[in-house]
Amino acid sequence: MIIPIDALEADTLYSLAESFVLREGTDYGSEEVALDVKVQQVLNRLKSGEAVLVYSELHESVDIKRKEDIEPSEAEEQ
């Protein structure tokens, strides 16, 4: 199920993005990118609709995925 970002408090959304960045361990190549910058990039993608928050009932967890990567079953119950 996709969770609209405006359904969450700003602090909660930030925490989800921060957790995602820390969990993913994204490689930015030879230059270091600050955690706050990475989190802001994720938040920008969520706000633009490039990425979405997906709740998994099975795992009772929320993940961030690129919109084109979500399965049709994950998008149900919007």
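Val39 lies in helix α2; helices (H or I, at least four residues) and strands (E, at least two) are DSSP runs, numbered from the N terminus. The model is a predicted one, in which local features need pLDDT of at least 70, side-chain atom pairs count only at pLDDT 80 or more, and totals for chains, interfaces and linings use all residues. Residues are numbered from 1 along each chain as its sequence is written, and side-chain values use heavy atoms, with hydrogens and water left out.

With a relative accessibility of 0%, Val39 counts as buried. The term buried stands for under 20% relative accessible area, exposed for over 50%, and partly exposed for values in between (1.4 Å probe, protein chains only). When residues up to four places away in sequence are not counted, Val39 touches Tyr14, Ala17, Glu18 and Val21; a contact means heavy atoms within 4.5 Å. Ala17 stands 22 residues from Val39 along the chain, and 5.6 Å separates their C-alpha atoms.

## Helix α2

Helix α2 comprises 14 residues, 35-48, and reaches 20 Å from its first C-alpha to its last. This is close to the 20 Å expected at 1.5 Å a residue, where the expected span is 1.5 Å times one less than the number of residues.

Which residues of α2 are buried? They are Lys38, Val39, Val42, Leu43 and Leu46. These residues cover an arc of only 135° around the axis, which puts them on the same side of α2; the arc is that of the directions from the helix axis to the C-beta atoms. Asp36 and Lys47, on the other side of α2, are exposed. Just after the helix, Gly49 takes a positive phi of about 90°.

## The nonpolar core

The largest nonpolar core has 12 residues in all: Ile3, Leu13, Ala17, Phe20, Val21, Val39, Val42, Leu43, Leu46, Ala51, Leu53 and Ile64. Such a core is a set of buried Ala, Val, Leu, Ile, Met, Phe, Trp, Tyr and Cys residues joined through side-chain atoms within 4.5 Å. Two or more residues of this core come from each of the elements α1 (10-24), α2 and β2. In soluble globular proteins, nonpolar side chains tend to be buried together.

Leu53 is one of the core residues. Not counting residues up to four places away in sequence, Leu53 touches Met1, Ile2, Ile3, Ile5, Leu8, Leu13, Leu16, Leu46, Val62, Asp63 and Ile64.

## The sheet

Three strands form an open sheet in the order β1-β2-β3, with antiparallel pairing. β1 and β3 stand at the edges, each with a single partner strand, so one side of each is left without a neighbour in the sheet. Strand β2 (residues 51-56) is largely enclosed by the rest of the structure, because five of its six residues are buried.

Two strands pair if DSSP finds at least two bridges between them. Strand β1 (residues 2-3) and β2 run antiparallel and are joined by two bridges, and the bridge partner of Ile2 in β2 is Val54. The antiparallel pairing of β2 with strand β3 (residues 61-66) extends over six bridges. In β3, Val62 is the bridge partner of Tyr55.

## The hairpin turn

β2 and β3 form a hairpin with four residues between them. Glu60 is placed in the loop between these two strands and has a positive phi of about 50°, although it is not a glycine. At 65% relative accessibility, Glu60 counts as exposed.

Ser61 belongs to strand β3. Its relative accessibility of 32% makes Ser61 partly exposed. Residues up to four places away in sequence being left out, Ser61 touches Val54, Tyr55 and Ser56.

## The chain as a whole

The secondary structure comes to three helices and three strands, which follow the pattern β-α-α-β-β-α along the sequence. Of the 78 residues, 27% count as buried. Among the contacts in the chain with a separation of 6 or more, 42% involve residues 24 or more positions apart.

The accessible surface of the chain comes to about 5600 Å², and 48% of this surface belongs to carbon and sulfur atoms. Accessible areas come from the Shrake-Rupley method with a 1.4 Å probe; for residues, only the protein chains shown count as cover.
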